[in-house]
Amino acid sequence: FQVKVQGHRIELGEIESVLEQHPAVRNAVAAAVGERNERRLVAYVTLAEGASGAAAAAPLCPEPAAQLAGTLECLRQARLAESPLPKYRYPSARTLYPVQAYVAVPSPVGRIGAGTYYYDPRAHRLVRVAPPFPGDLQPGLDEPAVFLVARLAAIAPIYRGLSPDFCLIEAGYMQALLTAAAAAQGLALTPAAIASPERVQRHLGLDEGHVPLQCLRLAPAGTEGPVETARRTAWASMSSLLAGHALSAAQPVLDDVERLELELSEPGLRSPRPDDTTVELDSASGPGGAAVDDLLYRSSDRDFLRDAIPLGDFRTLLDVLAMQLPASLADELAVGLYAAPGAIEGLTPGGYRYALRDRQLSLVAPMEGFPADVHAPHNREVFERSGFSLLLCSAPPSGGAGEGARERDGSLLLAGGVGQMLMTAGPAMGIGLCPIGSLEFDRVRHLFGLEGDAVFLHAFVGGRIPPRARPAPRAGARGAASVSADAAAGPDGTIESVRQFLAAKLPEYMVPRRIVALDAFPLSSNGKVDRKALPQIEDFDTPVWTAPRTPVEERFSEIWQELLGVARVGVEDSFFALGGDSVKAIQFLARAREAGHEIDVRHFFREPRIAPLARLVAPQGGDGHAGGTAGAAAGAALTPVVSDTELTQEELEQLIAEFGDTMDGDPSA
């Protein structure tokens, strides 16, 4: 299920995984159709009940109070018959759940009056604890906001010095979960800096053992400001928030009975008071029904099959991070992988480094075994049963050690969010994960190429599991990308909603040109989707042709016409879609250099279109006459490229070998 389309290597499973995140989509199949140089992506979907036809003409989003209730319900407790302790849709250290959620409601939302509320996850209700936030306490609270607050006393008796880190990681899990839940309600969630943690603490009526960690503003999707700027501002304000709250006195060591008693007391919850004013929230999962199906789908795995994980599935899991993390955050995390012998098909046992920005997995240290004793004793058994380990670390800071220390709290939040993404994506692909928290990282950092200032954040072990079916969307859920009422007007509107959803989460080249809704997929005799029996798609829309507009674009267009033998070239056409291959690509780079424009070969293969290439070699706002020097001024990475007439066969083959996996067609053509 790995294909090449217009020069890009694409895992079809990645597209299918994102498609099935849309509430209107029950199942999805992606395919590449057409001949070598004319291949296009298509997707086939079956829609959830009520997602098309007259039933889809319901309002796009629920009313505001239901939106808020639907967002908060992702934090609700679920109780399983076989477990004495309640569970949640995100992991927590020994089920202590020390991070609480408070909701600021600046003005009435339906029947929810203005005020400040504690979210009670047991009863799915709001408990009023204070009047609305004063304007000078948390500026900019024009819409409801969720505050995540760590209660250290709930976790310190067991985890002591690790308690602050575990609270931040858990807040990251919760933030990722809330973000997804808000999107399903047509809302956007944006982090905001907490202006004064101490004053917020007092306003909520909390003691000094409670530490406000995050303010997450809720607003209608499409009205939020620049999220990344807000995120970084919030992280900067968090600088060592928990450092001053670590308990200095030695905690007594609890025995097993005392630990169980502590957990059964649910120390992370706020105790009710007789005079509390409460607001019962509507539930999408029915009276008393906690989202057990969501919990069972995401649950941590501690037992794994001996079967190897298909490499394509594992790459899809890793690429979930690259797809869902904004590019600005890709450089914040370093990811290490240990693959045990026979655990992942086609992967040499050993230590790897995964580059989020380039989505490249690189072998660092081949090895047949990994030292189990770097794990805490209680984690060694699950490690021995697992097939791989994933380590999340903060990337070495560009601003020095001080800068890295300042942003460590933000990195821990990010690691928790990444954990929620992985544990949500993995089960449908038959990959289970178990978060294990900490290990003796300094003993093994060299095995992953993470020497230097990289700081360990969080770890998982995992392996093959029987695939789990994604829970069906519950009533009232709406797709994050459903941004207009037309999207709910029938099958065509639903498909357009799905297309917008994909475009918001995937690179342009991974968005299928056609999405076709089917009543059911054709099945083979063994019950699997018969891809050969899917309807053939031929009437692709002709892409819009944009003529060259600057001298640089005109020159590049002329070179492409000569090399590719085509009558005309648009500035948004893909070099490989027009029939280019690796040899012609190298010839173009050489001829561009002769014309005075040096282009980094890696940049070309990532973005093989004239418009971005011309911008690369011309100064910002220029007329396109600038040559190589101007390109350098604009930040282009220059790579010496010799004329194609000067390339030896050996040099040519070396370049083809290096980039062959990113090109369409046969590199030797």
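A crossing is left-handed if the near helix is turned anticlockwise from the far one by less than a right angle, and right-handed if clockwise. Helices here are DSSP runs (H or I, at least four residues), numbered from the N terminus. I am working with a predicted model, where local features need pLDDT of at least 70, side-chain atom pairs count only at pLDDT 80 or more, and totals for chains, interfaces and linings use all residues. Residues are numbered from 1 along each chain as its sequence is written, and side-chain values use heavy atoms, without hydrogens and water.

**Helix pair.** I looked up helix 4 (residues 163–184) against helix 13 (residues 408–425): their axes come within 7 Å and cross at roughly 50°. Axes are lines fitted to C-alpha atoms over the stretch in contact, with angles from 0 to 180 degrees between N-to-C directions. The crossing of helix 4 with helix 13 is right-handed.

I then listed the contacts (heavy atoms within 4.5 Å). On helix 4 they include Leu168, Gly172 and Tyr173, and on helix 13 they include Leu412, Gly416 and Met423.

**Cores.** A nonpolar core is a set of buried Ala, Val, Leu, Ile, Met, Phe, Trp, Tyr and Cys residues joined through side-chain atoms within 4.5 Å. The largest has 130 residues, and Ile112 and Phe147 have the most contacts inside it. Helix 4 gives this core its largest share, eleven residues.

**Serine 557.** I found serine 557 in helix 15 (residues 551–564).

Key
Helix = DSSP H or I, 4+ residues; strand = E, 2+ residues; numbered from the N terminus. Buried < 20%, exposed > 50% of the residue type's maximum accessible area, 1.4 Å probe, protein only.
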